[in-house]
Amino acid sequence: MTLIFSGNDYKYELEGVMKLFIPATLFKHIFADKIEKPEEDYVFARVKEYGSYSLLYVLCSYDGKKARRVCKISAGAEGLDADRELALSRLLFSAMKSITGIDAKWGVITGIRPVKRVNAMLSRGLDKEQVYDILKEKYLCSEEKCDIAYKTAVTQKPVLDNLKGDSFSLYVSVPFCPTRCSYCSFVSQSIEGCMNLIPEYVNKLCNEIEYTAKITSKIGLKLDSVYFGGGTPTTLSAPQLERLMRTIEENFDMSSVREYTVEAGRPDTITEEKLLTLKANGCGRVSINPQTMNDSVLEAIGRKHTTAQFLESFKLARKIGFECINTDIIAGLPTDTFESFKHTVDSLIELAPENITVHTLSIKRAARLNHSEERSVLNNPADRMVEYATKRLLGNGYLPYYLYRQKNMLENLENIGWTKPGYESIYNIYIMEEVQTILAMGAGGSTKLVDMESGRLQRVFNYKFPLEYNKHFELMLKRKNEIEEFYAEKE
Ligand code: SF4
């Protein structure tokens with residue numbers, strides 16, 4: 001598919017809109033003032049300035065069909081570049097909708113953080129009606145998505161209001177899993193192939209924690225939350241987990257910590273000893289993820305555990321006294337059906353975890369699923385599944401508290417974190433809304449430095465894979481100096 005730009009270079013936005021309709025497509029970009037008979041499908045997007053107004057024109061030729069759209073916007077308040085870009089996106093959206101018959105419910109919101117826009121509108125003092133009007137008219141959002149975005153922003157508000165400028169969170173990456181799930185695109189490695197890397201990895205991770213703690217105490221930052229993610233952190237043994245947690249406790253001032261989460265994602269890695277270790281070392285929130293309550297679906301996605309194991313782990317975590325348990329599920333998994341997804345949602349609601357995160361399957365390039373015949377089994381109604389989960393969770397007192405979208409999500413849907421009132425994960429909200437510095441340790445970790453006042457963001461990347469993390473550790477540690485530089489510039 002060729003995208004031809006005339007009088008504009010809105011490549012990123014317009015390609016984003018096209019991907020809503022034809023996701024797995026490669027796009028070629030051309031800058032030209034007229035269409036030179038392209039042989040394949042194309043879009044011609046033109047902006048022409050006429051002093052007091054701009055004329056926007058889109059011509060789509062796709063799948064043997066054509067659609068044209070045109071509009072005029074004044075050079076006044078609407079004359080800003082961003083408005084022209086948005087108006088052109090709307091024209092393209094409307095043209096592609098008429099050709100394909102697809103109605104993308106998020107409209108022309110193509111980014112991963114739709115709630116950020118709503119938060120910005122609320123902080124400008126707009127009320128619910130005004131927010132809905134903008135989402136519908138400017139972004140072509142459906143009523144359903146306006147509702148979920150608005151409700152999420154409302155749940156987040158007190159948590160965002162409680163954020164302190166000198167705070168930060170710690171992310172500890174443990175990129176190992178017992179086996180690799182077919183839909184996984186993370187850097188996570190199955191331990192079968194890299195068991196021997198783990199002892200050195202844990203040593204280095206402890207060094208990185210110590211090194212970072214010195215920097216944060218020099219700057220005067222206060223630790224707000226700790227999050228162990230991955231991978232599956234509970235792939236590590238209880239003594240290894242204890243060592244990491246103790247290193248954190250001995251090096252950081254824990255008195256300001258409001259939340260401590262460990263992803264114990266795979267029930268096949270959970271033992272009583274590990275849960276007791278987590279609890280004894282300050283972890284109050286664990287994530288135990290069934291993904292589905294259907295064993296045949298679990299088998300189809302390569303997760304080597306059963307629903308019974310999930311239930312057992314959940315019960316154990318309750319017995320040990322975790323006050324907040326999160327459970328992840330995924331809509332649209334291979335071989336799953338609407339009925340079986342309903343059963344997953346209903347069973348979880350009955351278990352009453354404090355948090356339920358409803359993901360929609362996203363098929364990234366790196367996932368095994370993307371390269372296998374299993375792709376053909378993705379013919380389930382993810383949209384209906386998400387709709388059902390939303391209705392049931394709202395009806396049972398859960399509130400949406402964070403929301404994000406990824407590339408290549410089935411039916412252009414989203415992931416939503418649901419919570420019982422008062423159990424919102426502050427880490428999830430702050431990272432998603434990009435309002436707090438997150439210092440990431442370990443392979444695959446990406447530190448995000450945030451200046452709350454100016455909104456300035458800077459990332460510092462660790463090595464991606466455990467092998468290179470172990471090997472080039474000293475070199476990587478030097479990058480941590482950027483943290484100090486960032487805060488020095490802020491002064
Ligand atoms: S448990 Fe999560 S990180 Fe590990 S392989 Fe499965 S999807 Fe990937």
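Reader: In what order do the five strands of the open sheet lie?

Author: The model is a predicted one. In the open sheet of five strands the pairing is mixed. The edge strands, β2 (28-31) and β5 (65-74), each pair on one side only. The order of the strands is β2-β1-β3-β4-β5.

Reader: What does the twist of this sheet average from one strand to the next?

Author: Strands of a sheet pair through backbone hydrogen bonds, either parallel or antiparallel. From one strand to the next, the twist averages 15°.

Reader: At about what angle to β4 does helix α2 run?

Author: Two helices may be described here. Helix α1 (residues 11-21) lies across β1, β2 and β3 (42-49), at about 140° to β1. Helix α2 lies across β3, β4 (53-62) and β5, and its angle to β4 is about 30°.

Reader: Against which elements do the buried residues of α2 pack?

Author: The buried residues of α2 include R84, A87, L88, L92 and F93. One of them, L92, is in contact with L14, V17, V43, A45, V58 and C60, leaving aside its neighbours within four places in sequence. The elements against which the buried residues of α2 pack are α1, β3, β4 and β5.

Reader: Is C324 buried or exposed?

Author: C324 lies in strand β12 (residues 324-331). Not counting residues up to four places away in sequence, C324 touches G284, R285, E354, N355 and Y423. A residue is buried if 20 or more other C-beta atoms lie within 10 Å of its own. C324 has 22 C-beta neighbours inside 10 Å, and therefore counts as buried.

Reader: What is the C-alpha to C-alpha distance in space between C324 and S287?

Author: In sequence, C324 and S287 are 37 residues apart. In space, their C-alpha to C-alpha distance is 8.6 Å.

Reader: Which residue in β15 stands opposite I356?

Author: Five of the five residues of strand β15 (residues 415-419) are buried, so this strand is largely enclosed by the rest of the structure. N415, G417 and T419 point one way from β15, and I416 and W418 point the other way. Strand β13 pairs with β15 in the antiparallel sense over four bridges. In β15, the residue opposite I356 is W418.

Reader: Which residue in β15 stands opposite L399?

Author: Strand β14 (residues 399-404) and β15 also pair in the antiparallel sense, over five bridges. In β15, the residue opposite L399 is T419.

Reader: Is the peptide bond from G230 to G231 cis or trans?

Author: Most residues other than glycine have a negative phi, and most peptide bonds are trans. G231 lies in the loop between β9 (222-230) and α8 (238-251). For the bond from G230 to G231, omega is near 10°, and the bond is cis.

Reader: Is L140 buried or exposed?

Author: L140 is not a glycine, although its phi is positive, about 60°. It lies in the loop between α4 (128-137) and α5 (143-161). Because 21 other C-beta atoms lie within 10 Å, L140 is buried.

Reader: How many other C-beta atoms lie within 10 Å of A352?

Author: A352, a residue other than glycine, has a positive phi near 60°. Its place is in the loop between α12 (338-351) and β13 (355-360). A352 is partly exposed, and the number of other C-beta atoms within 10 Å is 13.

Reader: What is the radius of gyration of the protein?

Author: The protein has 17 helices and 18 strands. For its 491 residues the globule rule gives 23 Å, and the value for the protein is close to this, so it is as compact as a globular protein of that length. The radius of gyration is 24 Å.

Notes
Residues numbered from 1 in each chain as written. Predicted model: local features only at pLDDT ≥ 70, side-chain atom pairs only at ≥ 80, totals over all residues. Rg over C-alpha atoms; globule rule 2.2 N^0.38 Å. Contact = placed C-beta atoms within 7 Å. Pairing = 2+ DSSP bridges. Axes fitted to C-alpha atoms, helices over the stretch in contact; angles between N-to-C directions. Buried ≥ 20, exposed ≤ 12 C-beta atoms within 10 Å, placed from the backbone.
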